[in-house]
Amino acid sequence: MKILIADDDHITRLLLRSALTKLGHEVQEATNGREAWEAWHGGEFPFIISDWMMPDLDGLEFCRRIRAEPRADYPYIVLLTSRSGNSNYLEAMTAGADDFVTKPYEKDAFAARVRAAERILGLHAKLRAANLDLERRVGERTAELETALRAKGEFLSLVSEANSNLEQRVQQRTRDLENEVKEHHRTSEERDRFFTASLDLLCIAGVDGLFRRVNPAFQLLLGWTPGELLSRPFLDFFHPDDRPSVARQIELQSHWPMTMKFEVRLLCKDGAFRWIEWSASPPDEAGLFCPCGRDVTERKHAEEQRCLMEVQLRHAQKMESIGQLAAGVAHEINTPTQYIGDNMRFVQDAFRDLAGLLGAQQRLLAAAKGGSITPELIAEVEQAAVTADLEYLSVEVPKALDQALDGVRKVSKIVGALKEFSHPGGHEKTPTDLNHAIQSTITVATNEWKYVAEIVTDLAPDLPLVPCLPDEFNQVILNMVVNASHAIGDVIGDGTKGRGTITITTRLDADAVEIRLRDTGTGIPERVRARIFDPFFTTKGVGRGTGQGLAIAHAVIVDKHGGSIQVESEVGLGSTFILRLPIRPLPAERLAA
């Protein structure tokens, strides 16, 4: 059988080619969706294995296009994906896929799925061949009968009798083939062997809430004996928090004509719980379910550890960003600190001059009280007044104090912005003033942009508080501002062409807040635009970028907040990044999907 593999991952294609070649199949590969579409158009592939996420054309759109084609052949399509959950399964089946395999998959289980597909395609081929053969024979027989009946004048009666006979034969042949398919799927001996030998958890349960049968793998994993499992309602063996969802799943499955997947925790005899991924089909005529489960406890623990490591990594990256900004922040603080010191020294010198005048005036006052004022004392007071230059000090000292206070306010603003930016935050979303967060980040990053650009802000004053993770949002804005500064720096060079502009706007748009960051930099070439959010992808020179900035931005805005991030760019004119954050938090299941 000729099989088409569509996947942009070389290792996955290599593993699939190796497994399928060993099964005796001819394999053709495609590295993206558009290449797969062209390959299918140019040949016949009864079996297609496609990755869900591919450049140019993803697996879902590939399925839809194939099913929309008016071709006679109808290939068997399997989607590969790292996603899981009922909504993803339903989306895949709706798009036209015949099967859905979650990565990472087991080699033996995948080979079993391929063999099952071979049998299904073989039966389909038998049915098509039988139908074509019957149609041919009906046509031939009808032609013969028409010729004979015209000659004998018995055309109508004989055709009726022949058609009746042929219809009976067609019906009988159809019943024979249907029985053959049913026998293939329902052979009790094969089913029992598979039930006993399977490493997956298999059971038969009724809609009445009781187990009918469990396989050895089920007993071995949980530690319960068959008697203990069959004597109690199966809901007793689920985690108390999962029992309502299991009951709803059973009720839904009773009315849903497709296989569904869900993850729940099962109780072991030693009191521990194991995470099990179940695949369940609708109940049969006898009201029995035959779900299949797989222990995914280690995977769940690994996912939890990965999430924890991601949080730690993002905080470390944030601290690294602050470290990179430290020199610039120190420079920004140093300038107002210098003129604070200069003005304070001026006030100190002025006070020394005033102290001399005050001393002379005190002596003059004492002499006046004693009636002994001398011309020398009066001359001394006049000279002290001239030395102090009261007219000059009355103008300059207030100015110096105002400048010193202004410097203190600038230092306080920078320190406050840095404190807000570096705060580690929490794991829960909090109502956040996005305009204030943007202003704080601009202040912290001043030294990154002030030599190459000016920042223009147009922040809507009517924005509501938005539920988000403030520290991660600050990191996104910082990455965007730094990227924009680098892009503008590549344009202006040594500064002889003047400075560029970074424009940041916010506005309320229906049920979301839209943030736009536009720069007058180099722009992004169209050939790399689709990859800018990939981890470790960068167009900057060595030492200027890690390729993580936009990847982090995409993860924070899209994955963690259920928002969106888009880019509009024109080479030579600059780029605009458009961020949208929902005002209301999305349900947890939508974010997880």
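Analyst: Let's settle one term first: a residue is buried under 20% relative accessible area, exposed over 50%, and partly exposed in between (1.4 Å probe, protein chains only). This is a predicted model, where local features need pLDDT of at least 70, side-chain atom pairs count only at pLDDT 80 or more, and totals for chains, interfaces and linings use all residues. Residues are numbered from 1 along each chain as its sequence is written, and side-chain values use heavy atoms, with hydrogens and water left out.

User: Is D99 buried or exposed?

Analyst: D99 sits in strand 5; strands (E, at least two residues) and helices (H or I, at least four) are DSSP runs, numbered from the N terminus. Skipping neighbours within four places in sequence, D99 has contacts (heavy atoms within 4.5 Å) with Y76, I77, V78, L79, M93 and R113. Its relative accessibility is 13%, so D99 counts as buried.

User: How many helices and strands does the chain have, and what share of its residues is buried?

Analyst: DSSP gives 19 helices and 18 strands. The chain runs to 593 residues, and the buried share of them is 37%.

User: What share of the contacts with a separation of 6 or more comes from residues 24 or more positions apart?

Analyst: Take the contacts in the chain between residues with a separation of 6 or more. The share from residues 24 or more positions apart is 63%.

User: Which residues does M480 contact, leaving aside neighbours within four places in sequence?

Analyst: M480 is one of the core residues that touch the most other members. With those sequence neighbours left aside, its contacts are L517, L550, A553, I565, F577 and L579.

User: How many residues are in the second, separate core?

Analyst: Among the members of that other core are L4, A6, A36 and A39. The number of residues in this second core is 24.

User: Why are the buried residues of helix 4 on the same side?

Analyst: Helix 4 (residues 86-95) has N88, Y89, A92, M93 and A95 buried. These residues pack against helix 3 (59-68), strand 4 (76-81) and strand 5 (99-102). As background, an α-helix has 3.6 residues a turn, so residues three or four places apart point the same way.

User: How many bridges join strand 9 to strand 11?

Analyst: Two strands pair if DSSP finds at least two bridges between them. Strand 11 (residues 292-295) pairs with strand 6 (residues 201-206) in the antiparallel sense over two bridges, and L201 has G293 as its bridge partner. Strand 11 also runs antiparallel to strand 9 (residues 273-280), with C292 opposite S279. The number of bridges joining strand 9 to strand 11 is four.

User: How far apart in sequence are the parts that K269 and E228 tie together?

Analyst: The two side chains form a salt bridge at 3.0 Å, N to O; the term means a side-chain nitrogen of Lys or Arg within 4 Å of a carboxyl oxygen of Asp or Glu. K269 is partly exposed at 44%, and E228 is partly exposed at 25%. K269 is in the loop between strand 8 (260-267) and strand 9, while E228 is in helix 9 (residues 226-230), so the pair ties together parts separated by 41 residues.

User: Where in the chain is the salt-bridge partner of R299?

Analyst: R299 meets E263 in a salt bridge at 2.2 Å, N to O. R299 is partly exposed at 26%, and E263 at 25% is partly exposed too. The pair links distant parts of the chain, 36 residues apart: R299 is in helix 11 (residues 297-370) and E263 is in strand 8.

User: How many salt bridges does the structure hold?

Analyst: Another pair is D236 with R232, at 3.8 Å, N to O. Elsewhere, salt bridges that share partners join R507, D509, E514, R516 and R580 into one network. The total for the structure is 25.

Conventions. A nonpolar core is a set of buried Ala, Val, Leu, Ile, Met, Phe, Trp, Tyr and Cys residues joined through side-chain atoms within 4.5 Å.
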